[in-house]
Amino acid sequence: HVKVYGPAGVFDVNTVFEVRGQFFRNLEGVVSAGAGAFRNPPVFARDHDGSTARTANAEIDALLRHLVHHPNTPRFFAQRLIQRLVSSNPSLTYLEEVAEAFRTGYALGGEKFSGTSST
């Protein structure tokens, strides 16, 4: 179980994570690769008491939640899906419509795609 201490819904450099009584700061670890750079995510799988799989699952869950709620995710997925399945060069309007459907669960015509049923 991972506890998070910091402003509600915000992960920044002031966020502190608690895992089995150990505290981890959300320090920024930047890796440079050629002309680009990326930030390493926090890592919790350092325990050696046989619970590494459970800890890894918690880490994966945290990453997936971060990606799903990231503001760029809908447009990223929309662009990739359209490029692979429809057109290699989609219009900006089409791209934004698909991204909005991904973001809200509703298509332009009001049809619900969120996977939940209101009946």
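## Overall layout

This is a predicted model. The protein has three helices and five strands. Read from the N terminus, the order of elements is β-β-β-β-β-α-α-α. The chain has 119 residues, and 15% of them count as buried. Take the contacts between residues at least 6 apart in sequence: 18% of these join residues at least 24 apart.

## The sheet

Three strands make up an open sheet, ordered β1-β2-β3, with antiparallel pairing. Its edge strands are β1 (2–5) and β3 (22–25), each of which pairs on one side only. From one strand to the next, the twist averages 25°. Strands β1 and β2 run antiparallel and are joined by four bridges. In one of these pairings, V2 has V19 in β2 as its bridge partner. In general, strands of a sheet pair through backbone hydrogen bonds, parallel or antiparallel.

## Salt bridges

How many salt bridges does the whole structure hold? A search finds three.

| R65 | D61 | 3.0 Å |

Start with R65 and D61. Both sit in helix α1 (residues 52–69), four residues apart, which is about one turn of the helix. R65 counts as exposed because its relative accessibility is 51%, and the cut-off for exposed is over 50%. D61 has 36% relative accessibility, so D61 counts as partly exposed.

The R103 and E100 pair also stays within one helix. Both residues lie in α3, three residues apart, again about one turn of the helix. R103 is partly exposed at 43% relative accessibility. E100 is partly exposed as well, at 36%.

R75 counts as partly exposed, at 35% relative accessibility. E96 counts as partly exposed too, at 33%.

Now turn to E18. E18 is located in strand β2 (residues 16–19). Is E18 buried or exposed, and which side chain of opposite charge is nearest? E18 is buried, and the nearest such side chain is K3, 4.5 Å away. A salt bridge requires the nitrogen and the carboxyl oxygen to be within 4 Å. E18 therefore has no salt bridge, as K3 is 4.5 Å away.

What does the side chain of E18 meet in a polar contact? Its partner is the side chain of Y5, at 2.5 Å. Setting aside neighbours within four places in sequence, E18 is in contact with H1, V2, K3, Y5 and F23. Among these contacts, V2 is also the bridge partner of V19 in β2.

## In short

E18 is buried without a salt bridge, but its side chain has a polar contact with that of Y5.

Methods: Residues numbered from 1 in each chain as written. Predicted model: local features only at pLDDT ≥ 70, side-chain atom pairs only at ≥ 80, totals over all residues. Heavy atoms only, no water. Helix = DSSP H or I, 4+ residues; strand = E, 2+ residues; numbered from the N terminus. Buried < 20%, exposed > 50% of the residue type's maximum accessible area, 1.4 Å probe, protein only. Lys, Arg positive; Asp, Glu negative; His and termini not counted. Polar contact = N/O pair within 3.5 Å; in protein donor to acceptor, adjacent residues only side chain to side chain. Contact = heavy atoms within 4.5 Å. Pairing = 2+ DSSP bridges. Axes fitted to C-alpha atoms, helices over the stretch in contact; angles between N-to-C directions.
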